[in-house]
Amino acid sequence: MSNKAPRGTRDILPQEASRWHFLEERFKKLCYIYDFAEIRTPLFEETELFVRSVGEESDVVKKEMYTFKDRGGRELALRPEGTAGVARAYLEHGMHNIPQPVKLFYYGPMFRYDRPQAGRQRQFYQMGIEVFGTKEPSADVEVIKFTAEFFLSIGFKNLKLHLNSVGCLQCRPFYQDDLKKFARGKLSLLCPDCQKRALLNPLRLLDCKAESCRELMKDSPQIEDYLCKSCHGHFNEVLDLLKALNVPYYVDSRLVRGLDYYTNTAFEFISEDIGAQGSLGGGGRYDNLVESCGGPAVPGVGMAVGVERIVLAMEKEKLWPEKNEPEGVFLAIDGPELREEGLVMLYSMREKGLRAETDYLNRSLKAQMKFAHRNRFRYVIIFGKEEKLKNEVKLRDMLKGEQLELSYEKALNFLI
RNA sequence: GUGGGUGUAGCUCAGCAGGUUAGAGCGCCAGGUUGUGGCCCUGGAGGUCGUGGGUUCGAGUCCCAUCACUCACCCCA
């Protein structure tokens, strides 16, 4: 026992939790406006689901999953991302047989065993949306536009939308091959990581951070020259629609994503000021995902945003509103013999829906006043011997510093 | 998994080159003010100096290990 939250996890204390509520509310409101319906899937799934969808060779599966065997011998894994579980649920409940597209949103914790750093934890929260059942570029745009609107609605003005197409299963292999060939010629000059990438995951060669590698890869083959006709057309239409909708974007031919299921459109919303892990959210199209989970060939497109990263970035950019105004009533009961009568008042205030609180430690009036002030109550009702004799209470406005004497009933009427 | 930085009170940090009872500010509690918050003053509570070894007459201070935090790589939200 160390009395510490496990590595890579942390507590969201009340002050921060209220910020999370704000984000959740905005997200859910937008989902309602865009007609996405909520789905809640389990926090763990069969390990195999993630292996098949996210990809056997991906880092997420190879080294970041929390896997375990339950008492029945089932191989399970805490979900490292949200899409796979939603796709599984889509299949399991035959949602491919209802009118398409099916638009779902989710919200909750994800788990990846990775070394924590700024904006990266082992348990982190994502809010995401998915559109199943259409290949149309307008669906990609729906998801991107939603994300752009979401970030705008919470105050971001400087996020960059990076956009790319990673092609499909037909055209991507040609590109990957040529990229490999290109890299092979310079293998000895590349950094050790890139030497591995050249063999295993050539697309990753494109976004190496080493300056020397960037220089070497400068003249590498470009994905856009390899996109097949349909991928090319798809991508261009996405771009046209974004233009028409005034969503600014930046075509980043080096943008690749780590989850194997992506096809065609890939995008990320990037913040400049929260350190190395600057992606606040991202997503793309996954036309082979449902099929590779053993279902029919249902196309899809979706995205997820990281709550911790958004909170971080909003702090950096000072997007959080100032402390809220004092509100509610604190009932200062001065004298233990008045407690019973006071509590009746307290609960009657709460019945009326007022934020009402009292002291539970038999503290002095002074201490109670201090507490009311610190805890941002707008009013204090003082109920002591003096008031009891006159059958009155004092109602103090903590903001104005004024107070008046009146009956409790009148005070209550004033407050509600 | 790899590398750098950091771990002293609830929080932010001092602690000089190893030397008696470990400090400050903020916060908390109480009093100054016989019932009234904010400002001011006084007092009080609160510390296994991350943990475990080692060096030394003596370790918060030096060494090693370990854990955690942090930043970066890898990768991603």
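**Note on a predicted model**

1. Phe68 sits in strand β3, residues 67-69, where strands (E, at least two residues) and helices (H or I, at least four) are DSSP runs numbered from the N terminus. Together with Leu43 and Phe44, Phe68 makes a nonpolar surface patch of about 250 Å². The areas are Shrake-Rupley values with a 1.4 Å probe, and for residues only the protein chains shown count as cover.

2. The model is predicted, so local features need pLDDT of at least 70 and side-chain atom pairs count only at pLDDT 80 or more, while totals for chains, interfaces and linings use all residues. Residues are numbered from 1 along each chain as its sequence is written, chains are lettered from A and ligands numbered from 1 in the order in which they are written, and side-chain values use heavy atoms, with hydrogens and water left out.

3. The domain assignment of chain A, whose bounds come from an automatic or database source, gives domain 1 (14-171 + 227-316) and domain 2 (329-415). Taken over C-alpha atoms, the centres of domain 1 and domain 2 are separated by 50 Å.

4. Leaving aside residues up to four places away in sequence, Phe151 touches Phe156, Leu159, Phe269, Leu280, Gly281, Val305 and Ile310, a contact being heavy atoms within 4.5 Å. Leu312, in helix α11, is partly exposed with a relative accessible area of 27%, and beyond its neighbours within four places in sequence it is in contact with Gly119 and Ile274. The C-alpha atoms of Leu312 and Ile274 are separated by 6.7 Å, although these residues are 38 apart along the chain.

5. Helix α2 (residues 47-54) is mostly covered, with six of its eight residues buried, namely Thr47, Leu49, Phe50, Val51, Ser53 and Val54. Among the elements that cover these buried residues are β2 (44-46), α3 (59-63), β4 (75-78) and α10 (289-292). Just after α2, Gly55 takes a positive phi of about 115 degrees.

6. Some backbone angles deserve a look. Most residues other than glycine have a negative phi, and most peptide bonds are trans. Asp35, in the loop between α1 (14-33) and β1 (37-38), has a positive phi near 65 degrees and counts as exposed at 59% relative accessibility. Lys318, in the loop between α11 (307-316) and β12 (329-334), has a positive phi near 55 degrees and counts as exposed at 71%. The peptide bond from Gln100 to Pro101 is cis, with omega near -5 degrees, and Pro101 lies in the loop between α4 (83-92) and β5 (102-111).

Definitions and conventions
Buried means under 20% relative accessible area, exposed over 50%, partly exposed in between (1.4 Å probe, protein chains only). Patches are made of residues with over 30% relative accessible area and no salt bridge: like charges are joined within 9 Å, nonpolar side chains (Val, Leu, Ile, Met, Phe, Trp, Tyr) within 5 Å. A salt bridge is a side-chain nitrogen of Lys or Arg within 4 Å of a carboxyl oxygen of Asp or Glu.
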